[in-house]
Amino acid sequence: MINLVANKDPANTRVVVAMSGGVDSSVTAALLAEQGYDVVGVTLQLYDHGAAVSRKGACCAGQDIADAGRVAEKVGIPHYVLNYESRFREDVIDVFADSYVRGETPIPCVLCNQTVKFRDLMQVARDLGADALATGHYIRRVEGELGAELHRAADETKDQSYFLFATTAEQLEFLRFPLGELTKDETRGLASRFDLPVAAKPDSQDICFVPQGRYADVVLKVRPDAADGGDIVDLEGNVLGKHDGIIHYTIGQRRGLHLDTAEDALYVIRIDPDAKHVVVGPRAALATKTITLSDVNWLGDDTLGCDPIECDIKVRSMRPPVAASVRKTDDGGVCVELAAAEHGVAPGQACVFYDGDRVLGGGWIQRENSATEAA
Amino acid sequence: MSPRSYLDFNATAPTRSEVIDAVTKAMQEGGNASSVHADGRAARARVERARQQVAALVGADPAGVIFTGSGTEANNQALRATKCERLIVSAIEHESVLQARDDAVICPVTPDGLVDLEALQALLAENSSSTVVSIMLANNETGIIQPVVEAVQIAHDAGAFFHCDAVQAAGKIPVDMMALGVDSLALSAHKIGGPQGIGVLICRDPSLMARFVHGGGQESGLRAGTENVPGIVGYGVAAECALVGLDNFGGLANLRDDLELRIQELEPNVQIIGKNLDRLPNTSKILTKGLTSEVQVMGLDLDGVSISAGSACSAGRVEMPYVLAAMGVPEELGLCAVRVSLGWTTTGEDVDRYIEAWQKLYDRKIAET
């Protein structure tokens, strides 16, 4: 039994479920409906699916929206589609493209959660008198002494906490993540038990609006001038070769440099958007011990101040957490000192803070510390 | 009190029980209206009777009535099969007119939502090629009745063919095709309690119309395909009911005005589009600043009241209604518009329920800000 809202019985608890048409959010809706909650399914139409996959005549809404509708019908809940195409383009796709143009490696899923989902959809849920907004994310919300806490998912392999670090305390009060305690296998088992039409649907790809992982195509469509090529240079500034646009490179990247040098172990150390330089060097030059962050969201119990707070951090979604300390700097920014150097810290990615399983927040990695003034 | 209040008649009307009976009977009787034998002749008789019933609703000659698969098809045929070189349509036409050809010249509307007759005159004067003008009788979203008689005069003076989409007007206000002077008229059955999937194109002179759906020689060679006899029969009955009920339908203006008054009493800043204009008696376009169309449509639905944001044809999608955009309504207001459309099943209780549900949404919004 999932108790979503204290002192309120399910029948009188309205929950808006963000339904993507995938297995996870479908099971979320089915679980809550089974327990008698007043469930309202909402699917966001975020981009023109036909245009995204460049297939003429493809349905504008895409299969996922139709799937969400079929699930809602099966589960017996009302279902609505909100067209957020223009705001998604503005708040997510354009920002994603601009970030690449600045030589960064963005995470659009965080922007999406921050804007269309936890700002706009949440507002709609409140307007509809909902008591909560539930999603199919693998993350746990734990009722703590000082309010709701964000904790990593029980299923480590599916944990999505890295992408949810920007969830504010106020948003967290309203959010529910019923799948946080489940494994993906258990979710699939539930999908079969509920006989959902999406039970056998494969997991979605990383970035929903980027077909076949060809993110550069999306960037160039939005920012056609980002196609300018430039030089690949070493740490001393010697030109080693040419590249066809900085947007094709990511910090730490080793493959695809096509350099005609004897030295084979060269990595992208830094990207300089103004000079259009891709700077390469040995792996050692990727090491970073200090990271500055912007737009930090702090979820810890103690106030984040100038005294360092010890915690674990993640600088990429797939890396294990490492020891570090976080503190505010004199100029109001936030600085992370790593206990041991991390390799390939890329601006545009998130640095997320943990205390064991608990998420203490995080921020966006800034350029100046991505490697190598040190090197 | 019924479990839900259906206030979306402009999207589709509930099928009248007389229609259901007639359609059921026609399906039991069967027969292909083009067959030579007795069964075929009986089906033919039913089709011809319906043709007269539909013609009578709009004061037309039954000989000019072509049954089509929808109002959309009728509009498409009128604008494409007349083979005119040029097409002028008003900016607030239904999508089946706006999208009928990709070379349509758009005639603007005034901020009041009325087709701009001076602009029409100028558009006609600037080019002497054969032209078809298409202007609707009543707008589906605002209910505002267009100056069709005047527009026909202007079009005819310029030698143009005039088509009128009267899908929303027929059965809601008296329509007299002869008095309007239009060359062709499109209607649809399901807006007046008939079956979905049946419409008519009525031509003053069928010899000016060409076929659109090709195949057999049905409908005087102007619309191929076996006649949808049950649909046609149902349409005929619906047209007869609508004609009989025209006065009562006009009386819906009282309920509608009461609804508008009560909303504006609750929130004086609520805007009613076209309130002082000649409108369909059942239609209300309501703008509540700060309360988006999507939230209103969802919130009311969850409380058992069916309304729509605008035209139902862009299913599930919520965007700035082009009709309001054409009238110069700013986007932040246009995104807060809903359409409420009443019909013969509507009672004071339905209006009460609407007001109650609307107030719940509105109070929540007020409490938050």
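This note goes through a predicted model point by point.

1. Conventions. Residues are numbered from 1 along each chain as its sequence is written, and chains are lettered from A and ligands numbered from 1 in the order in which they are written. In this predicted model, local features need pLDDT of at least 70 and side-chain atom pairs count only at pLDDT 80 or more, while totals for chains, interfaces and linings use all residues.

2. Sheet in chain B. Strands β9, β10 and β12 of chain B form an open sheet in that order, with antiparallel pairing. Strands here are DSSP runs of E with at least two residues, helices are runs of H or I with at least four, and both are numbered from the N terminus. Two strands pair if DSSP finds at least two bridges between them. β9 (271–272) and β12 of chain B are at the edges with a single partner strand each, so one side of each has no neighbour in the sheet.

3. Strand β12(B). β10 (residues 283–287) of chain B pairs with β12(B) over five bridges. B:K285 has B:R339 as its bridge partner, and B:I286 stands opposite B:V338.

4. Contact between the chains. 14 residues of chain B are in contact with twelve residues of chain A; contact means C-beta atoms, placed from the backbone, within 7 Å. On the chain B side, α11 (293–302) and α14 (348–368) each give two or more residues, and α11(B) gives the most, with six. This side has five nonpolar, two polar and seven charged residues. Ala, Val, Leu, Ile, Met, Phe, Trp, Tyr, Cys and Pro count as nonpolar, Asp, Glu, Lys and Arg as charged, and the others, Gly among them, as polar.

5. Domains of chain A. Chain A is divided into domain 1 (10–213), domain 2 (228–281) and domain 3 (287–369), with bounds from an automatic or database domain assignment. The C-alpha centres of domains 1 and 3 of chain A lie 26 Å apart. Their contact takes 18 residues from domain 1 and 16 residues from domain 3. Strand β6 (residues 147–152) of chain A gives the largest share of the domain 1 side, four residues.

Notes. Two residues are in contact if their C-beta atoms, placed from the backbone, lie within 7 Å.
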